[in-house]
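Please keep the sequence and the model in view while reading.

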Amino acid sequence: MTQIFYTIKDLQNALTSHKAGGQRIGFVPTMGNLHAGHLSLVEITSRHADVVVVSIFVNPTQFGVGEDFDNYPRTLEDDIAKLQQSQCTYVFAPSIEEMYPVYPPNVQVLSGDITKILCGKTRPTHFDGVGLVVGKLFNIVRPDVAVFGKKDYQQLAIIRQLNHELNFGIEIIGGDIVRDTDGLALSSRNGYLTKEERAQAPVIHQTLQALAKQLQVAAFDEFTTLVTQAAQSLNAQGLRVDYLELLTDTLAVPTPKDKQLALLAAIYVGQARLLDNIKINL
Ligand code: AMP
């Protein structure tokens with residue numbers, strides 16, 4: 001039976017006895033509106049921990065001015081019902097006041113150059129907000145292991161950096177992207193799509209797959225042209241490419257020696273800005 005807590009104190013009280021008994025605490029931070037992608041992270045966590053904590057918190061500090069904070073889907077009852085059927089032990093669903101006793105917060109977690117590429121170009125303050133809230137949640141839960149989805153590939157890299165540089169000592173695991181049957185990566189923001197847009201959205205993954213195939217057999221000096229052509233093709237189909245980039249799997253600019261690459265994309269389908277990525281082993 002999953003239990004839900006709204007305050008830090010209640011959650012920590014519940015966790016104390018588990019920790020005293022030497023049990024491993026696993027943690028999955030989310031913004032709710034849960035789908036099979038989130039639940040896959042819960043399942044992965046349960047294989048690495050005795051107790052699984054899932055947080056549900058739509059974090060205001062990671063949304064920029066004019067972004068979708070107000071409209072972001074909040075479906076706590078449904079989320080709890082889904083988690084009751086999962087391996088989740090405790091849900092932590094704090095209010096903004098509980099998470100941010102001082103708002104706006106005085107303390108910042110600045111995640112450096114990695115926040116300035118990819119999503120950081122369009123959302124310059126986003127990852128500082130993510131770093132702050134995840135840092136706070138790590139301090140509140142003090143997990144042994146935390147699991148994040150690879151759909152948010154850059155976020156996962158930033159969390160690994162945060163964990164390392166702020167000495168949290170948490171085992172960080174990346175969970176594979178869970179997709180709908182037509183290949184579209186599951187996302188809470190898919191709910192923003194109209195019927196027509198939803199029908200069109202799988203072209204994102206199809207384009208990444210086709211481009212990955214081309215890159216496998218192309219010469220290094222053809223890479224940039226192929227990526228540009230794929231972006232142009234998406235734009236020509238009525239989507240709007242925020243970015244489509246080929247980087248190394250550690251998010252550096254590739255050289256001809258690099259064999260582990262990643263194609264990373266943020267694409268607007270109507271109002272929804274959707275992320276996807278695919279790894280390439282040359
Ligand atoms: P969110 O609620 O969107 O902030 O996501 C919470 C966690 O779920 C993050 O670690 C995401 O990367 C992960 N996640 C979201 N969508 C998927 C998906 N389709 N597959 C795997 N993980 C996902």
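Predicted model: local features only at pLDDT ≥ 70, side-chain atom pairs only at ≥ 80, totals over all residues.

Arginine 273 is buried, since its relative accessible area is 13% and the cut-off for buried is under 20%.

**Surroundings of arginine 273**

- Arginine 273 is placed in strand 9, which covers residues 272–281.
- A polar contact, at 2.8 Å, connects the side chain of arginine 273 with the side chain of aspartate 242.
- When residues up to four places away in sequence are not counted, arginine 273 touches Cys119, Thr122, Arg123, Arg189, Asp242, Tyr243, Ala266, Ile267 and Tyr268.

**Aspartate 68 and arginine 189**

- Arginine 189, which is among the residues that arginine 273 touches, forms a salt bridge with aspartate 68, and the closest N and O atoms of this pair are 2.8 Å apart.
- The pair links distant parts of the chain, 121 residues apart: aspartate 68 belongs to the loop between strand 3 (51–56) and helix 3 (76–84), while arginine 189 belongs to the loop between strand 6 (171–175) and helix 8 (195–200).
- Aspartate 68 is buried because its relative accessible area is 14%, and arginine 189 is likewise buried, with a value of 16%, given that buried means under 20%.

**Arginine 198 and aspartate 182**

- Arginine 198 and aspartate 182 form a salt bridge in which the closest N and O atoms are 3.0 Å apart.
- Because arginine 198 lies in helix 8 and aspartate 182 in the loop between strand 6 and helix 8, the pair ties together parts that are 16 residues apart in sequence.
- Salt bridges with shared partners join Asp180, Asp182 and Arg198 into one network.
- Arginine 198 counts as partly exposed at 22% relative accessibility, and aspartate 182 is also partly exposed, with a relative accessible area of 33%.

**Lysine 151 and aspartate 152**

- Lysine 151 and aspartate 152 meet through their side chains in a salt bridge, with a distance of 3.8 Å from N to O.

Conventions: Residues numbered from 1 in each chain as written. Heavy atoms only, no water. Salt bridge = Lys/Arg side-chain N within 4 Å of Asp/Glu carboxyl O. Helix = DSSP H or I, 4+ residues; strand = E, 2+ residues; numbered from the N terminus. Buried < 20%, exposed > 50% of the residue type's maximum accessible area, 1.4 Å probe, protein only. Polar contact = N/O pair within 3.5 Å; in protein donor to acceptor, adjacent residues only side chain to side chain. Contact = heavy atoms within 4.5 Å.
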